[in-house]
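Trainee: Hi, I'm new to this one. Could you walk me through it?
Mentor: Happy to, let's take a look together.

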Amino acid sequence: MIDESLARLSDTFFTITVVVYSLAVVAFCAELAFGRPARARQLVGAGAPVEGATALADPAAEPARARRLGSVAMALTVVGLLAHAAVLVTRGMAAHRLPWGNMYEFTTVVVLVAVLAYTALALRAPELRHIGVFVMGPVVVSLALIRMVLYVEAGPLVAALRSWWLAVHVTTATLGFGIFFVSGIVSVLYLVRSRREERAAAGEVLAPSLLDRLPSAAVLDRTAHRTAVFGFPIWTFAVIAGAIWAESAWGRFWGWDPKETWAFIAWVVYASYLHARTTSGWRGRPSAWINVVGLAVMVFNLLYVNFVSTGLHSYAGVS
């Protein structure tokens with residue numbers, strides 16, 4: 001029996017989440033607009049900069065107005081994160097099950113993990129707060145599309161998902177996807193930022209840009225890599241758990257179902273990215289492009305299987 005009042009409350013929390021995240025995007029945009037490129041302090045002593053040294057933003061150099069706007073943006077992000085979590089908690093309580101049994105719920109969890117990953121990064125390294133608009137903007141767009149295209153009423157699980165493996169396989173899949181989402185966006189920012197730094201290093205006179213407010217290319221590259229390193233074993237476990245569940249449900253570990261195939265392709269791409277980051281000649285921009293391709297494969301896997309292909313995984317509540 002579905003608790004309709006809790007289901008409606010979940011929908012209300014969803015609306016609140018989108019509104020609060022949208023306000024956070026506005027605050028992040030204002031922070032960039034009112035800020036200025038922060039002075040950098042080298043991690044080395046006085047004298048000429050050392051090649052390869054990392055420059056960190058000096059918080060004292062940031063205008064007070066920008067700092068306040070950044071704090072407001074982060075506060076709104078945290079409030080939105082709590083409302084976002086409430087969406088899933090109340091929906092799970094309404095349906096008396098784990099709240100990721102269809103595509104609407106699955107994608108909502110993925111976006112929640114992405115916001116949680118960004119928030120953890122920004123709180124750990126304040127200079128990463130400046131990428132907030134580039135993370136939260138796609139988050140708001142994603143949630144709007146999820147609501148308009150993927151929404152289904154709260155209901156019981158389809159028979160194929162009535163297994164305790166749902167808590168193992170699908171949970172780790174959402175965690176991996178959400179983390180890779182952030183890693184991919186950071187790699188895109190790295191590609192843009194590194195190109196601008198190369199042009200400046202070549203002596204080209206560049207007009208002031210909001211890109212100057214981003215962390216250095218070195219910081220972005222390191223963040224994308226460390227985030228992918230964190231997400232890769234989670235995704236690996238999700239693929240393995242899915243194979244074990246498939247054996248239990250369908251009598252075989254692997255059948256090259258479209259979802260299985262593209263999940264494996266994504267795993268190969270991310271394994272290649274992590275390997276490229278340690279290979280001479282592939283560090284920097286070439287490896288970052290692999291990470292971006294990985295994100296594209298993940299999104300293709302999510303959308304293609306549920307909207308185009310026909311397979312054993314096509315039971316996500318999308319008609």
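Predicted model: local features only at pLDDT ≥ 70, side-chain atom pairs only at ≥ 80, totals over all residues.

Trainee: Which helices each supply at least two residues of the patch?
Mentor: Helix 4 (132-150) and helix 8 do. Helix 4 gives the most, with 4 residues.

Trainee: And where is the place of Phe-307?
Mentor: Phe-307 sits in helix 8.

Trainee: OK, switching topic. How do helix 5 and helix 8 cross?
Mentor: The axes of helix 5 (residues 165-201) and helix 8 (residues 285-307) come within 9 Å, crossing at roughly 145 degrees. That crossing of helix 5 and helix 8 is left-handed.

Trainee: What residues are in that contact, by class?
Mentor: The contact of helix 5 with helix 8 has 14 nonpolar residues, along with 5 polar and 3 charged ones.

Trainee: Let's zoom out. How many helices and strands does the chain have?
Mentor: The protein chain has 8 helices and 2 strands. Along the sequence, their pattern reads α-β-β-α-α-α-α-α-α-α.

Trainee: And how much of the chain is made up of buried residues?
Mentor: Of the 319 residues in the protein chain, 50% are buried.

How values were computed: Residues numbered from 1 in each chain as written. Heavy atoms only, no water. Axes fitted to C-alpha atoms, helices over the stretch in contact; angles between N-to-C directions. Left-handed = near helix turned anticlockwise from the far one by under 90°. Nonpolar A, V, L, I, M, F, W, Y, C, P; charged D, E, K, R; others polar. Buried < 20%, exposed > 50% of the residue type's maximum accessible area, 1.4 Å probe, protein only.
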